[in-house]
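Welcome! Keep the picture open as you read along.

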Amino acid sequence: MTVRQGAGVFWRWWAAGTTSQVGSAVGAVALPLTALTVLDASAFEMGLVAAASYVAWLVIGLPAGVIVQRLPLRGAQVGADLARAAAVASIPLAWWAGRLTVAQLVVVALVISFANVLFDVANSTFLPAIVSRDQLHSRNSLTSATHAVAQLSGPSLGGLAVQALGAVPTMLVDAASYLVSAVLLRSLPARRSDAPDRWPPVRQMIAEGWRYVTRHRIMGPTMWAATAVNFVCGAQLAVYPLYLVRELHAPAALVGVLLAVEGAGSLVGAALTPWITSRWGSARSVLVGCGVAVLGAAAVPLGAGWPAYLAFAAGNVVFAGGVVVFSVTTRTYRQTASPPELLSRVMATVRFVSWGAIPLGGLAAGTLAGLVGARATLVVFAGATVLAPLVLLRSPVRRLRDLTDLDANEPVRQATPVG
């Protein structure tokens with residue numbers, strides 16, 4: 001795959017992602033508030049909406065790597081953006097017609113979910129093609145920092161927009177961001193690659209990616225650790241708005257601010273990741289990142305009144321910072337250690353398993369919150385976060401300084417491609 005044509009290609013790619021991320025962050029506030037304040041959704045319905053936003057990883061997560069490998073890379077990204085724009089725009093249209101329901105919100109979340117799968121796998125495959133290997137870690141840190149800024153500004157803007165315009169009209173901001181992203185991505189060069197005369201069967205290609213990741217002594221454990229973290233993230237997506245609105249009685253603008261502080265943690269984590277990995281090593285960094293995330297998750301449900309707002313904000317910052325250090329480091333490792341012909345399937349396999357845990361966490365948390373309340377649910381899932389560092393401590397990661405040390409000093413027979 002040869003795409004590199006100067007720094008301008010990366011910056012257009014970056015601008016497209018930044019635009020859609022800010023819009024999505026606004027939509028991440030407006031959508032649950034639409035369900036809560038406009039449609040009076042129950043705790044279980046909130047869990048359904050949160051789960052629908054990620055369930056596509058369970059459905060097409062594995063074949064997504066094969067699909068992306070066979071499709072025009074730029075066309076897949078543009079098509080995903082247009083599908084997301086149309087889905088989001090349907091919400092205000094239905095509301096103005098007096099026909100908006102929770103069921104439609106679930107359907108819209110499903111459409112966005114399926115489009116996100118193809119877009120994200122294509123995006124993570126595209127980056128190593130437009131930057132050099134020695135720049136990959138810094139570019140991953142930059143994109144994570146940008147995502148953090150979007151998380152920091154988007155929910156705050158979303159909360160203010162909801163306060164001023166209403167939850168449903170604010171969804172138009174999200175739709176517009178996808179259209180801008182599509183225009184920018186359309187200006188990127190198409191991927192040029194030599195496709196074989198005959199592709200292997202889809203099942204065989206999926207199995208190659210699966211075996212490579214699950215038998216790899218570094219990628220396998222880090223994938224399972226990410227799965228534990230994302231299971232908790234899914235619970236947070238479902239329960240956070242419920243907790244803030246119905247148990248802490250926070251107004252819409254404050255909900256946006258409290259959700260936005262996650263971006264501050266992500267920004268700090270992304271900024272510190274290159275320094276942390278160079279000073280401590282990438283293997284130790286992922287262990288520290290997981291440990292910090294555990295502390296953050298435990299702080300979120302503490303306190304009452306204003307102290308509860310402060311605990312939520314502090315815990316959100318710490319949790320996000322730890323997760324970003326872990327995420328950037330392991331993503332960079334996969335992009336550099338995977339054979340180029342397997343990269344899209346490696347990324348799809350990891351996200352199928354780890355991101356597939358998000359809807360499961362959302363459904364479980366929505367069900368549990370209906371029985372015991374949002375605060376108790378957050379306490380339970382904070383305990384589940386401990387599984388992430390435990391998985392890593394039972395793997396070769398615990399005795400390495402850098403994740404690449406195992407590849408250099410202890411070649412793994414199982415990690416070679418099969419088939």
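Let us begin with S395, which sits in the loop between α16 (387-393) and α17 (404-409). Helices here are DSSP runs of H or I with at least four residues, and strands are DSSP runs of E with at least two, numbered from the N terminus. Please keep in mind that this is a predicted model, in which local features need pLDDT of at least 70, side-chain atom pairs count only at pLDDT 80 or more, and totals for chains, interfaces and linings use all residues. Residues are numbered from 1 along each chain as its sequence is written, and side-chain values use heavy atoms, with hydrogens and water left out.

- Is S395 buried or exposed? S395 counts as buried because its relative accessibility is 4%; buried means under 20% relative accessible area, exposed over 50%, and partly exposed in between (1.4 Å probe, protein chains only).
- A polar atom of the S395 side chain lies 2.7 Å from the backbone oxygen of L392.
- D81 belongs to helix α4, and D81 is buried, with a relative accessible area of 0%.
- The side chains of D81 and S181 make a polar contact at 2.6 Å. A polar contact is a pair of N or O atoms within 3.5 Å; within protein, one must be able to donate a hydrogen and the other to accept it, and residues adjacent in sequence count only if both atoms are side-chain atoms.

**Salt bridges**

- Side chains of opposite charge can pair when their charged atoms come close.
- How many salt bridges does the structure hold? There are four, each being a side-chain nitrogen of Lys or Arg within 4 Å of a carboxyl oxygen of Asp or Glu.
- One of them joins the side chains of D40 and R246 (3.4 Å, N to O). D40 lies in the loop between α1 (7-38) and α2 (43-52) and R246 in helix α9 (residues 219-247), so this pair ties together parts that are 206 residues apart in sequence.
- D40 is exposed at 58% relative accessibility, while R246 is partly exposed at 35%.
- Another salt bridge pairs R345 with E208, with the closest N and O atoms 2.7 Å apart. This pair links distant parts of the chain, with R345 in helix α13 (residues 343-354) and E208 in helix α8 (residues 202-215), 137 residues apart.
- Both R345 and E208 are buried.
- D402 and R401 also form a salt bridge, and their closest N and O atoms are 3.0 Å apart. D402 is buried at 19% relative accessible area, whereas R401 is partly exposed at 30%.

- Which residues make the nonpolar surface patch of about 500 Å²? They are V38, L93, W95, W96 and L172.
- Patches are made of residues with over 30% relative accessible area and no salt bridge, joining like charges within 9 Å and nonpolar side chains (Val, Leu, Ile, Met, Phe, Trp, Tyr) within 5 Å.
- Helix α4 (residues 73-96) gives the most to this patch, with three residues.
- W96 is placed in helix α4, and W96 is exposed, with a relative accessible area of 53%.

**A bent helix**

- Where does helix α3 (residues 56-70) bend? The bend is at P63 and comes to about 50 degrees, taken as the angle between axes fitted to the seven residues ending there and the seven starting there.
- The buried residues of α3 include W57, I60, L62 and V66.

Methods
Accessible areas come from the Shrake-Rupley method with a 1.4 Å probe; for residues, only the protein chains shown count as cover.
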